[in-house]
Amino acid sequence: MSSVTTRVEIVPSGQTLGAEIRGVDLRNINEGEFAAIYRAWLDHLVVLLRAQQLTDEDLIAFSRRFGDLDWAPIQETGRRFVEGHPEIYVVSNVIENGAPIGSLGAGEATWHTDMSYLEDPPKASMLYALEVPPVGGNTYFCDMYHAYESLPEAMKRRISVFKLKHDGTYNSGGYVRQGVAAGDDPVNSPGAYHPLVCTHPETGRQMLYLGRRRNAYIGGLSLAESEALLDELWSYATREESAWHNVWQPGDLVLWDNRCTMHRRDPFDANARRIMHRTQIKGEARPTA
């Protein structure tokens, strides 16, 4: 550990979420610096640290300071992880020797919360940029505290008792998950039910918890009622004033709170190379009202 204390500078994005943290080399941070990063992450929901030079071991070591790590999920191309490091999930469109090195391709990734179709979703995710396309592939985040706070009071009361099924059929790239049959029946699709309004276990703030739109279903309603209500809720969740996006540079590390944000990705030229390494921090409490 360095005996020199680096000055941590927090630069808010100006949106309801998002901040850049400057003056930090994540390979070598002391307890005070980590505490400042952690606080900024809770306060701003998603934080960006630029010009990092991390090995896979460095990325895992920093990620573990937030909690235990999940293994890379099984996606449409199988379980794509870094050899010897099953905690690092490879997000990439690159093909080597006829096989994809990662998942999610070059297309659009729609708004989603990571792994919310599980009973115990991760609490946080980190994405580290190794190679990025010259244009496209930007990642957008939206603030689910703000989405809930912007709802009319009557709507807040109405949805307070509902649980939402988070579909486990498709990933955010629209690919069918391995071992699951394709289908678009929200009532009967596989997935986990979570409260539509959750309370953050660390901040105590309430947020809308939508997960992803496709095949979502609000238990106890007719399909038509569920679809109409979800369409209305999503119109609040993805408004421009509650979103921030990152135009990636190599060496960027973005850390987001998976409990109170959603994110999506712009498509990019399939002939360009994009290689990202992602870690996920295990959830310590199930989504609860």
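Four strands form an open sheet in the order β11-β21-β13-β19, with antiparallel pairing (two strands pair if DSSP finds at least two bridges between them; strands are DSSP runs of E of at least two residues, helices runs of H or I of at least four, both numbered from the N terminus). The model is predicted: local features need pLDDT of at least 70 and side-chain atom pairs count only at pLDDT 80 or more, while totals for chains, interfaces and linings use all residues. Residues are numbered from 1 along each chain as its sequence is written, and side-chain values use heavy atoms, without hydrogens and water.

At the edges of the sheet stand β11 (109-112) and β19 (243-246), each with a single partner strand, so one side of each has no neighbour in the sheet. Strand β13 (residues 139-143) is joined to β19 by four bridges, the two running antiparallel. Within β13 and β19, C142 stands opposite A243.

Helix α2 (residues 56-64) has L59, I60, F62 and S63 buried (under 20% relative accessible area, 1.4 Å probe, protein chains only). Seen down the axis of α2, these residues fall within an arc of 165°, so they line one face of the helix (the arc is that of the directions from the helix axis to the C-beta atoms). They pack against α1 (31-44), β7 (85-92), β12 (124-131), β20 (253-257) and β22 (275-281).

The largest nonpolar core has 47 residues, and M144, I159, L208, L210 and L233 have the most contacts inside it (a core is a set of buried Ala, Val, Leu, Ile, Met, Phe, Trp, Tyr and Cys residues joined through side-chain atoms within 4.5 Å). Helix α5 (residues 223-237) gives the most to this core, six residues.

Technical notes: Buried < 20%, exposed > 50% of the residue type's maximum accessible area, 1.4 Å probe, protein only. Contact = heavy atoms within 4.5 Å.
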